[in-house]
Amino acid sequence: MKVKRYKHARRILSFYKNNFGIHEPYQVLVDGTFCQAALVGKIQIKEQLPKYFAGEVQLVTTRCVIQELSTLGRELVGATYIAKRFKERRCGHTTKKIKPAAECILTLVGEANDHGYFVASQDPELRSKLKKISGVPLLHIVRNTMVLEEPSSASQRKSEELSMARVKPTEYEQSVIDTLNAGAPQQPGPKKRRRKRAKGPNPLSVKKSRKFSLLGGRSAGGVVSKSKKRRLRLQRTKAMQVLAQVIQSTDTPER
């Protein structure tokens, strides 16, 4: 259980450290209600809180908190004694103009918590008002155990805004980008692809046709097989015989 609590605290501390710059020593602003709850639960704030945060802690309070505890009677004498052990921060309220502890703490935190205070309180109304201010870590006691609350919605929204601001270029960077874009040559549009047309056959790969002369001979470049040669030879022989008979008949005298 302790390991989970410590991991929970480290995660939240890293959130406030990375986004709001809250670092050691952690300044914890304590009010009277927290001191009374620690007394009832037998919690040693000075010893246990540095272990819970795994870092150096500086416990502080205000004159208004101590004065309010002193006026509430004997039941809160122990809480008053605990509060007086912490360092006193100047809240600007004089002895004649002492304000309620909750109002004093709100004044000390301000609108942006510039000093990076943690606020330890059991007052639900005070914690509700502090949750509306971004970057204010809250601490309270549950079942005799100190618990660091999850970041409020205001803190998470501010964290997102800061993250976007880190990514967004500055005015100078934007001006340089605009200048480079203005001087850069325009990129040509996409080239039109030509349609492929059907091409004729390769003349080197086409087989040459065989041409024969009228007399049965072959033309230049022609190729004749053996059987065709024999047939052509017979045809020439027969043609010569017919021609010889015609000549002989014309030479023979009539009787």
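Glu125 and Lys129 join their side chains in a salt bridge, with 3.8 Å from N to O; the term covers a side-chain nitrogen of Lys or Arg within 4 Å of a carboxyl oxygen of Asp or Glu. Both sit in helix 7 (residues 124-130), and because they are four residues apart, about one helical turn separates them. Helices here are DSSP runs of H or I with at least four residues, strands are runs of E with at least two, and both are numbered from the N terminus. This is a predicted model, where local features need pLDDT of at least 70, side-chain atom pairs count only at pLDDT 80 or more, and totals for chains, interfaces and linings use all residues. Residues are numbered from 1 along each chain as its sequence is written, and side-chain values use heavy atoms, with hydrogens and water left out.

Glu125 is exposed at 52% relative accessible area, while Lys129 is partly exposed at 41%. (Buried means under 20% relative accessible area, exposed over 50%, and partly exposed in between, using a 1.4 Å probe and protein chains only.)

Next up is Lys131, whose side chain meets that of Glu149 in a salt bridge of 3.7 Å, N to O. Lys131 is in the loop between helix 7 and strand 5 (138-142), and Glu149 is in the loop between strand 6 (145-148) and helix 8 (153-167), so this pair ties together parts 18 residues apart in sequence. Lys131 is partly exposed at 39%, but Glu149 is buried at 9%. Arg127 joins in too: Arg127, Lys131 and Glu149 are linked in a network of salt bridges.

## A longer link

The structure holds six salt bridges. One of them pairs the side chains of Arg63 and Glu88 at 3.4 Å, N to O. Arg63 belongs to helix 4 (residues 63-70) and Glu88 to strand 3 (residues 87-89), so to speak distant parts of the chain, 25 residues apart. Arg63 is partly exposed at 38% relative accessibility, and Glu88 is partly exposed as well, at 40%.

## Cysteines without disulfides

There are zero disulfides here, taking a disulfide as a pair of cysteine sulfur atoms within 2.5 Å. Cys64 is in none, and its nearest cysteine sulfur, that of Cys104, is 3.6 Å away. Cys104 is likewise in no disulfide, and the nearest cysteine sulfur to Cys104 is that of Cys91, 3.6 Å away. Cys64 is buried at 0% relative accessibility, and Cys104 is buried at 0%.

## Surface patches

Lys226, Lys229, Arg230, Arg233 and Arg236 make up a positive surface patch. Patch members have over 30% relative accessible area and no salt bridge, with like charges joined within 9 Å and nonpolar side chains (Val, Leu, Ile, Met, Phe, Trp, Tyr) within 5 Å. Lys and Arg count as positive, Asp and Glu as negative, and His and the chain ends are not counted; a charge is placed at NZ of Lys, CZ of Arg, CG of Asp or CD of Glu. Arg236 is in helix 10 (residues 226-251) and is partly exposed at 44%.

A nonpolar surface patch is formed by Tyr172, Val176 and Leu180, with about 350 Å² of accessible area together, from the Shrake-Rupley method with a 1.4 Å probe; for residues, only the protein chains shown count as cover. Val176 lies in helix 9 (residues 171-183) and is partly exposed at 34%.
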